[in-house]
Amino acid sequence: RARHLPVGSGGVASYMISIRDVARAMLGHDASWRTLRVSDVAATPPVSLEAGSTISDAVKLMARRYLGSVLVTSSGTVEGIVTERDLVRLTADITTHRRVYDAMTLDPRVADLSTTARGALSTMISGSFRHLPVASGGSIVGITSMRDIVSRVAEGRMGLDDPLRPAVTYDPLTIDPSASSEEAARFMSSRDVGSLLVLDAGRLVGIVTERDLVLRVLAKLVS
């Protein structure tokens, strides 16, 4: 279920490939994307911190560079990786005095069930986000993500020009905008999800993601 994969040899990472990189390759190369080399797909070289760095260092670096992960190295050798999900688990144990409303993305883009996988990926890539609420007949029925779509296309369970339906999680998890950010972090960690839809009196008003909690909660605490 990893979204970020360091690639290299001898303990040294030469590339970091992400779900976003694979999605771009799928859209740009259609059927031939499977034959591409990692070096053709990886958008940026890996970013790392020394093993003795603090969590504060990791949060600041990821916020400054808008990264979803950072490698942990010792004398150039990869020892581990810190991801947004790791940091969200940390947020669950911290009293931040911030509400979900303070961290969420307001009025998120919404896809229709009839939207194609290609259309949904294009929307998420152009908007620099990974999670997309899905509606049918004007009502929210589910949520999809870049990883959901990429994995199903890669497995041959759907094509890029097929409707989103196979990649939608129905009855998505939701939270109230007045809930605390640590409550959101605990909920996301316990259910192993990367986002929650924010509903106010049954109406979609936002979405809160792992990245939102890192950038708008943790990064402010350590700044």
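The following legends describe an overall view and several close-up views of a predicted model.

Local features are reported at pLDDT of at least 70 and side-chain atom pairs at pLDDT 80 or more, whereas totals for chains, interfaces and linings use all residues. Residues are numbered from 1 along each chain as its sequence is written, and side-chain values use heavy atoms, with hydrogens and water left out.

**Figure 1. Overall view of the chain.** The chain has nine helices and 13 strands; helices (H or I, at least four residues) and strands (E, at least two) are DSSP runs numbered from the N terminus. Its C-alpha trace spans about 55 × 50 × 25 Å along the principal axes. The radius of gyration, taken over C-alpha atoms, is compared with a globule rule of 2.2 Å times the number of residues to the power 0.38. For 223 residues a compact globule would have a value near 17 Å, and the 18 Å of the chain agrees. Of the 223 residues, 45% count as buried, where buried means under 20% relative accessible area, exposed over 50% and partly exposed in between (1.4 Å probe, protein chains only). Residues 24 or more positions apart account for 59% of the contacts with a separation of 6 or more, a contact being heavy atoms within 4.5 Å.

**Figure 2. Close-up of helix H8 and its surroundings.** Helix H8 comprises residues 181–191, and its buried residues are Ser181, Glu182, Ala184, Ala185 and Met188. Seen down the axis of H8, these buried residues fall within an arc of 155°, so they line one face of the helix; the arc is that of the directions from the helix axis to the C-beta atoms. The buried residues of H8 pack against several elements, including helix H4 (84–91), strand S13 (203–209) and helix H9 (210–222). Just after H8, Asp192 takes a positive phi of about 55°.

**Figure 3. Close-up of Ala92.** Ala92 lies in the loop between H4 and H5 and is buried, with a relative accessible area of 10%. Leaving aside neighbours within four places in sequence, Ala92 is in contact with Glu182, Ala185 and Arg186. Glu182 and Ala185 are among the buried residues of H8.

Figure 4. Helix H7 (residues 146–154) is mostly covered, with seven of its nine residues buried. These are Met146, Arg147, Asp148, Ile149, Val150, Arg152 and Val153. The cover of the buried residues of H7 includes helix H1 (19–29), H4, helix H6 (117–127), strand S9 (139–145) and strand S10 (169–170). Just after H7, Gly156 takes a positive phi of about 80°.

**Figure 5. Close-up of Ser18.** Ser18 is located in strand S2 (residues 12–18). At 15% relative accessibility, Ser18 counts as buried. Not counting residues up to four places away in sequence, Ser18 touches Arg3 and His4.

Figure 6. Most residues other than glycine have a negative phi. Ser75, in the loop between strand S4 (69–74) and strand S5 (77–83), has a positive phi near 55°. Ser75 is exposed, with a relative accessible area of 72%. Asp107 is found in the loop between strand S6 (105–106) and strand S7 (111–112), and phi of Asp107 is near 45°, a positive value. Asp107 is exposed, with a relative accessible area of 61%.
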